[in-house]
Amino acid sequence: MSLLERLEIKHPFFLAPMAGVSTPALAAEVSNQGGLGSLGLGASSITAARGQILATQALTDAPFQVNFFCHDSQKLDREITAQWLDYLAPQFERFNVSVPAELECIYPSFLDNDDFLNLVLETRPKAVSFHFGIPNAHQITTLKAAGILTMVSATNLPEAQAIEAAGIDMIIAQGIEAGGHRGIFNQHIDSAIKTSDLVQLLSKKCDIPVIAAGGIMTGVQARQMLQLGAQAVQLGTAFVQCKSSNANAAYRKALFNSPITQITDSISGRPARGLINQWHTEIDLPLRPAVPAYPYTYDLAKQLHAAASQQGEHGYGAYWAGSNVAQIRELEAADLINQLALELSQTQ
Ligand SMILES: Cc1cc2nc3c(=O)[nH]c(=O)nc-3n(C[C@H](O)[C@H](O)[C@H](O)COP(=O)(O)O)c2cc1C
C-alpha cells in the first residue's frame with residue numbers, strides 16, 4: 001500500500017505541525033483539500049490540546065496528524081541561568097520591566113508521562129508525529145496497537161536509523177533550510193544537511209517512507225524531493241501567511257517585508273530558524289554567554305517579547321521561517337494545496 005493510501009490522503013502534501021501557529025481551521029482546510037492537515041500541540045496543555053483536536057474533528061472528517069515534543073527534560077543549570085538573566089536584563093530594562101528571577105519549564109515532554117498518549121488514544125487522529133526525539137518503547141507499542149501511524153523528525157542518518165529501529169512508521173527528513181526548531185536529538189553538533197541531500201540519503205539507507213521537510217515552497221520543489229526518494233513533502237513556512245494561521249500581524253508583515261532567516265538557539269535554548277530580528281542582531285552576539293536548556297530559555301524570550309510588544313516593539317518575536325521564505329505567496333490553505341498540486345502535475 002502506498003503512503004498516501006495508508007494515510008488516506010489525495011495529495012503528497014503535509015501541513016507542517018507548527019506549535020503556536022497551527023489552528024484547527026488551518027488543519028481542516030488542508031485536510032479537506034486532500035493534504036494532511038496537522039496540529040502542533042507541543043506547547044499546549046492537555047486541555048488546550050484536547051480542545052484543538054476536537055475542534056479540528058468538528059471541521060473535517062478527513063485524516064490529520066497531531067505533533068508533540070520528545071525533548072529530554074533537562075535540569076536547569078543555576079550558573080548558566082544567572083548569567084543569561086544578567087545578559088538579558090538590559091533588554092528588559094529598555095521596556096521598564098525587571099528581568100524575571102526564575103525560569104520555568106514551559107513545555108512538558110511527551111516522554112515525561114502518558115497524559116498526551118492517553119489524549120491521542122482518546123481522540124484517535126490518523127497519525128501522530130514527534131520532534132526532538134523518539135517516544136518511549138511502550139508509547140510506540142501502544143500507538144501501533146491502536147492503529148495510529150507514527151512519524152519522527154530526523155536531521156541526519158544516525159537519527160533516522162534510530163527512528164527506524166524503534167519501529168516508527170515514517171521519517172520526516174528535516175533539512176537545514178527548515179523553518180522552526182531543528183529536530184536534532186539533544187546533541188550539540190548539527191550536521192546541517194540540506195533537505196535534498198538528506199532525502200536522498202535516508203531514502204537509500206532506510207526502508208520506511210521518508211517525508212521531505214525544509215525550504216519547500218512550490219510544487220516544482222516538491223517534485224524534486226519526490227524524484228529524490230521522498231514519498232511526500234511537509235511545508236511549514238508556506239502556510240504561515242494563511243488567514244487561518246495564528247500568526248500575528250507583525251509576523252505576517254515580516255514574512256513578506258524582511259524574508260531573511262538565520263538559526264539561533266538564543267530564543268528557546270535549541271537551534272531554530274527564524275526571520276532575522278533583534279534576537280539575531282542584538283542578543284545572539286559572538287561573545288554572549290551560554291544559553292540555559294530548552295525550554296527554560298524560551299520562557300524568558302516569551303516574557304521579553306510580551307514586554308516589548310506591549311510597548312509597540314515587535315522585534316523580539318519568535319518568527320520561525322525557512323530559508324526559502326522569500327518565495328512565499330499570499331494564498332489561502334485550500335488554494336495553496338491546489339496550486340502545489342497543479343505545479344506538481346505540470347512538472348511530471
Ligand atoms: C512557525 C513554525 C513552527 C513550527 N513548529 C513545529 C512544531 O511544533 N513541531 C514540529 O515538529 N515542527 C515544527 N516546525 C518545523 C516543521 O515541522 C518543518 O520542519 C518546517 O516547517 C519545514 O520547513 P519550511 O518551513 O521551510 O517549510 C515549525 C516550523 C515553522 C515554520
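In this predicted model, 23 residues surround the ligand, and the closest are P17, N67, G215, G236 and T237. The protein covers 97% of the 590 Å² of accessible area that the ligand has on its own. Elsewhere, a search of the whole structure finds 13 aromatic pairs, and F69, Y107, F132, Y294, Y298 and W320 form one aromatic cluster.

**Ligand contacts**

- N67, one of the closest residues to the ligand, places a polar side-chain atom 2.8 Å from a ligand nitrogen atom.
- G179 contributes a polar backbone atom, which lies 3.3 Å from an oxygen atom of the ligand.

**The F69–F132 pair**

- Among the 13 aromatic pairs found in the whole structure is the one between F69 and F132, whose ring centres are 5.0 Å apart.
- The planes of F69 and F132 make an angle of 50°, and the pair is classed as tilted.
- F69 belongs to strand β3 (residues 64-69), while F132 is in the loop between β4 (127-131) and α6 (137-145), so the pair ties together parts that are 63 residues apart in sequence.
- F69 counts as buried because its relative accessibility of 10% is under the 20% cut-off.
- F132 has a relative accessible area of 1% and is therefore buried as well.

**The F110–F130 pair**

- F110 and F130 form an edge-to-face pair, with 4.8 Å between the ring centres and 65° between the planes.
- This pair links distant parts of the chain, 20 residues apart: F110 is in the loop between α4 (78-93) and α5 (115-123), and F130 is in strand β4.
- F110 is buried, at a relative accessible area of 0%.
- F130 counts as buried too, with a relative accessibility of 1%.

**The aromatic cluster and charged side chains**

- The tilted pair of F69 and F132 is part of the cluster that also includes Y107, Y294, Y298 and W320.
- Y294, a member of this cluster, has R270 over its face, at 5.7 Å from the ring centre.
- Y298, also in the cluster, has the charged end of K302 over its ring, 4.3 Å from the centre.

Notes: Residues are numbered from 1 along each chain as its sequence is written. This is a predicted model: local features need pLDDT of at least 70, side-chain atom pairs count only at pLDDT 80 or more; totals for chains, interfaces and linings use all residues. Side-chain values use heavy atoms; hydrogens and water are left out. Rings of Phe, Tyr and Trp (its six-membered ring) pair if their centres lie within 6.5 Å; planes under 30 degrees apart count as stacked, over 60 as edge-to-face and the rest as tilted. Helices (H or I, at least four residues) and strands (E, at least two) are DSSP runs, numbered from the N terminus. Buried means under 20% relative accessible area, exposed over 50%, partly exposed in between (1.4 Å probe, protein chains only). A charge sits over a ring if NZ of Lys or CZ of Arg is within 6 Å of the ring centre and within 35 degrees of the ring normal. A residue is near a molecule or strand if one of its heavy atoms lies within 4 Å of it. A polar contact is a pair of N or O atoms within 3.5 Å; within protein, one must be able to donate a hydrogen and the other to accept it, and residues adjacent in sequence count only if both atoms are side-chain atoms. Accessible areas come from the Shrake-Rupley method with a 1.4 Å probe; for residues, only the protein chains shown count as cover.
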